[in-house]
Amino acid sequence: MISAATASGTTTFESTTVMADLLDPLSKQAPPLPCRTEDSELWFAEKPVELEMAKAFCHQCPARLACLQGALERRELWGVWGGEIFDRGRILPRKRPRGRPRKNEQAEPVVAA
């Protein structure tokens, strides 16, 4: 909750109202959000490189936390929301490309001393 001092006393606003203003594209207070100014396909791309680009755009966004909170509440299945990659409703640290992993990407075996 956010409180603001007025001439008649203190007024309390819900933080969701403030965040809704950030996310509302018709709001006069809304700054240009990357997901609305950049290519919207990036946020739902299949290629890991494009998803990482969308995540980078999100980290500069003033509505990032509200976006992430909304995605968690709605249980989004996929896409980049609030700077996180969602896949089948789970947050992934990074998305792997399709196909088999390369041999050189495998972890080195642990040798007992």
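We take confidence, then aromatic rings, then a lysine.

Guide: Start with this: the model is predicted.

Visitor: What does the chain average in pLDDT, and where is confidence lowest and highest?

Guide: Strand β1 (residues 2-6) has the lowest confidence, with a mean of 41. Strand β3 (residues 78-81) has the highest, at 93. Residues 1-8 stay under 50, and the model gives them 18 contacts beyond four places in sequence. Residues 10-18 are also below 50.

Visitor: How many aromatic pairs are there?

Guide: Two numbers describe a pair of aromatic rings: the distance of the centres and the angle of the planes. The count here is three. One of them joins Phe44 and Trp78, edge-to-face, at 5.1 Å and 70 degrees. Phe44 sits in the loop between α2 and α3, while Trp78 is in strand β3, 34 residues apart.

Visitor: Why is the pair of Phe44 and Trp81 edge-to-face?

Guide: Their planes stand at 75 degrees, and over 60 counts as edge-to-face. The centres are 5.9 Å apart. Phe44, Trp78 and Trp81 form one aromatic cluster. Arg74 lies over the face of Trp81, 5.1 Å from the ring centre.

Visitor: Is Lys55 buried or exposed?

Guide: Buried means under 20% relative accessible area, and Lys55 has 12%, so Lys55 counts as buried. Lys55 belongs to helix α3 (residues 48-58). Beyond four places in sequence, Lys55 touches Val80, Gly83, Ile85 and Pro93.

Methods: Residues numbered from 1 in each chain as written. Predicted model: local features only at pLDDT ≥ 70, side-chain atom pairs only at ≥ 80, totals over all residues. Heavy atoms only, no water. pLDDT = per-residue confidence, 0-100. Helix = DSSP H or I, 4+ residues; strand = E, 2+ residues; numbered from the N terminus. Contact = heavy atoms within 4.5 Å. Buried < 20%, exposed > 50% of the residue type's maximum accessible area, 1.4 Å probe, protein only. Phe/Tyr/Trp six-rings, centres within 6.5 Å; stacked < 30°, edge-to-face > 60°. Lys NZ or Arg CZ within 6 Å of the ring centre and 35° of its normal.
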